[in-house]
Amino acid sequence: MDGRGDSELSESDDFDDLALDARRARWTALLTGAVLALAGVAAAALRATGSAPVLVPAAYAVGAALCALAAVLGSRGRTRRALWLLVVGAMVMALGDQFD
């Protein structure tokens, strides 16, 4: 035996699990932010060409910018802040939809 006990093996496994969870959280925040940002930009472009009030495409654009910022923060490991920015960005886009 190499002298390592069961507690050392479980600590190593726990660390690997935590690292994997953190990596998944970063990728999830990055991809979700990117998808929501693209959806917001597309909605802003579609609403800007129509007869919607100016506030509608502006709200979509601001929401898309917040989601893009969340994607950047998520990729850098700031997943809690990224989650809150995703929520706020989606709410701003939904608010813009209410102005229509």
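Of the 100 residues in the protein, 22% are buried (under 20% relative accessible area with a 1.4 Å probe and protein chains only; exposed is over 50%, and partly exposed lies in between). The model is predicted, so local features require pLDDT of at least 70 and side-chain atom pairs pLDDT 80 or more, while totals for chains, interfaces and linings use all residues. Residues are numbered from 1 along each chain as its sequence is written, and side-chain values use heavy atoms, without hydrogens and water.

The protein contains 3 helices and 0 strands, where helices are DSSP runs of H or I with at least four residues and strands are runs of E with at least two, numbered from the N terminus. The order of elements from the N terminus is α-α-α. Among contacts (heavy atoms within 4.5 Å) with a separation of 6 or more, 66% join residues 24 or more positions apart. The accessible surface is about 6,900 Å², with 64% belonging to carbon and sulfur atoms; areas were computed by the Shrake-Rupley method with a 1.4 Å probe, and for residues only the protein chains shown count as cover.

Helix α2 covers residues 55–75, and its 21 residues should span 30 Å at 1.5 Å a residue, in agreement with the 30 Å between its end C-alpha atoms. The expected span is 1.5 Å times one less than the number of residues. Buried positions in α2 are Val56, Pro57, Ala59, Tyr60, Gly63, Ala64, Cys67, Ala70, Ala71 and Gly74. These buried residues fall within an arc of 155° seen down the axis of α2, so they line one face of the helix; the arc is taken from the directions from the helix axis to the C-beta atoms.

After α2 comes Gly77, with a positive phi near 95°. Arg78 is located in the loop between α2 and α3 and counts as partly exposed because its relative accessibility is 47%. The C-alpha atom of Arg78 is 9.5 Å from that of Ala25, 53 residues apart along the chain.

For α3, 20 residues should span 28 Å at 1.5 Å a residue, and the 29 Å between the end C-alpha atoms agrees. Ala82, Leu85, Leu86, Gly89, Met93 and Gly96 are the buried residues of α3. They cover an arc of only 105° around the axis and therefore lie on the same side of α3. Arg80, Trp84, Met91 and Gln98 are exposed on the other side of α3.

The largest nonpolar core comprises 12 residues, including Ala29, Val56, Tyr60, Leu85 and Met93. Such a core is a set of buried Ala, Val, Leu, Ile, Met, Phe, Trp, Tyr and Cys residues joined through side-chain atoms within 4.5 Å.
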